[in-house]
Amino acid sequence: MALIQSILEDIRSAKARDPAANGSLEIVLTYPGFHARQFHRLAHSLHEMGVPLLPRLISHFSRLVTGIEIHPGAEIGEGLFIDHGMGVVIGETAVIGDFCHLTQGVTLGGTSNRREKRHPTLGNHVTVGAGAKIIGAITIGDHATIGAGSVVVANVPEYATVGGGPGRVIAYYDPGNETTMRLPDPEFDRIEELAHQVEALQARIDELERTKVTSNR
């Protein structure tokens, strides 16, 4: 895609995903996610050309200005929208597909010190909630949703919703009939069961206390 068309796609994505957007000019002038993406375009191009140091300097300046750190080596598809963006970190070997949506505090991090693929790969139309950490050379499938605060260290299938830490699949979206199927949550069920037992025990204690008071009269 031509550069101008690609930049216009970034603007359209921001409009589509942010109900607070009040026009293209506002996005171009005030959206740090848009600014970080444009800085990365330049840094990544220079990185691919083998230019030393300068790509990292551009990345560093972008972080100072936007609060978003994207390594020049990261590969980013079309229509990325970084919402708010403060604290977002995208590692060197990360790959982001088309029309993804990242929010503040998201980390696409690595687990290895070797010069190898060590950061996540996001498919197309992936949404990552605030503060989520996706760690390692794992793959997040198309149309997946990563819940806020999740810590994801394993592959995620497409159309899945992940929550918790460590992250696990809690629901699947069926695009065929546009329904979301929630999966059983054994941990929640156990907690709910324990809560009912505590309530029953408290009721029994209260009953014994009343009985004791009555017998002492």
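## Helix α3 and the residue after it

G50 follows helix α3 and has a positive phi, near 85 degrees. The model is predicted, and the angle is computed from its atoms. Helix α3 has 17 residues, and its first and last C-alpha atoms are 24 Å apart, close to the 24 Å expected at 1.5 Å a residue.

The buried residues of α3 are G33, F34, A36, R37, Q38, H40, R41, A43, H44 and L46.

## Helix α1

Helix α1 covers residues 3-17. Its 15 residues should span 21 Å at 1.5 Å a residue, and the C-alpha atoms at its ends are 21 Å apart, which agrees.

In α1, the buried residues are S6, E9, D10, I11, S13 and A14. Their cover includes α2, α3 (32-48) and β3. An α-helix has 3.6 residues a turn, so residues three or four places apart point the same way.

## Salt bridges

How many salt bridges does a search of the whole structure find? It finds five; three of them are described here. One joins E9 to R12, with the closest N and O atoms 3.2 Å apart. E9 and R12 are three residues apart in helix α1, so about one helical turn separates them. E9 is buried, because its relative accessible area of 15% falls under the 20% cut-off. R12, at 41%, is partly exposed.

A second salt bridge joins D10 to R41, and here the closest N and O atoms are 2.4 Å apart. D10 belongs to helix α1 and R41 to helix α3, so the pair ties together parts that are 31 residues apart in sequence. Are D10 and R41 buried or exposed? Both are buried.

E92 counts as partly exposed at 23% relative accessibility. R118 counts as buried at 16%.

Which residues make the nonpolar surface patch of about 290 Å²? The patch is made by L25, V28 and L29. V28 is part of helix α2, which covers residues 24-30. V28 has a relative accessibility of 33% and therefore counts as partly exposed.

## The four-stranded sheet

Four strands form an open sheet with parallel pairing, in the order β2-β5-β8-β11. Strands β2 and β11 (139-140) are at the edges, each with a single partner strand, so one side of each has no neighbour in the sheet.

Within this sheet, β8 (residues 121-122) and β11 run parallel and are joined by two bridges. T121 has T139 of β11 as its bridge partner.

## The seven-stranded sheet

Another open sheet has seven strands in the order β3-β6-β9-β12-β14-β15-β16, and its pairing is mixed. The edge strands are β3 (81-83) and β16 (179-182), each of which pairs on one side only.

Strand β9 (residues 127-128) pairs with strand β12 (residues 145-146) in the parallel sense, over two bridges. The bridge partner of V128 in β12 is I146. Strand β14 (residues 160-163) and strand β15 (residues 168-174) run antiparallel, joined by four bridges. The pairing of β15 with β16 is also antiparallel and also has four bridges. In a regular strand the side chains alternate between the two faces of the sheet.

## Two hairpins

Strands β14 and β15 form a hairpin with four residues between the strands. G163 stands opposite R168 of β15. In this hairpin G164 has a positive phi, near 90 degrees.

Strands β15 and β16 form a hairpin that has four residues between them. Here A171 has R182 of β16 as its bridge partner. Which residue in the turn has a positive phi of about 55 degrees? That residue is E178.

Conventions: Residues are numbered from 1 along each chain as its sequence is written. This is a predicted model: local features need pLDDT of at least 70, side-chain atom pairs count only at pLDDT 80 or more; totals for chains, interfaces and linings use all residues. Side-chain values use heavy atoms; hydrogens and water are left out. Patches are made of residues with over 30% relative accessible area and no salt bridge: like charges are joined within 9 Å, nonpolar side chains (Val, Leu, Ile, Met, Phe, Trp, Tyr) within 5 Å. Accessible areas come from the Shrake-Rupley method with a 1.4 Å probe; for residues, only the protein chains shown count as cover. A salt bridge is a side-chain nitrogen of Lys or Arg within 4 Å of a carboxyl oxygen of Asp or Glu. Buried means under 20% relative accessible area, exposed over 50%, partly exposed in between (1.4 Å probe, protein chains only). Two strands pair if DSSP finds at least two bridges between them. The expected span of a helix is 1.5 Å times one less than its number of residues. Contact means heavy atoms within 4.5 Å.
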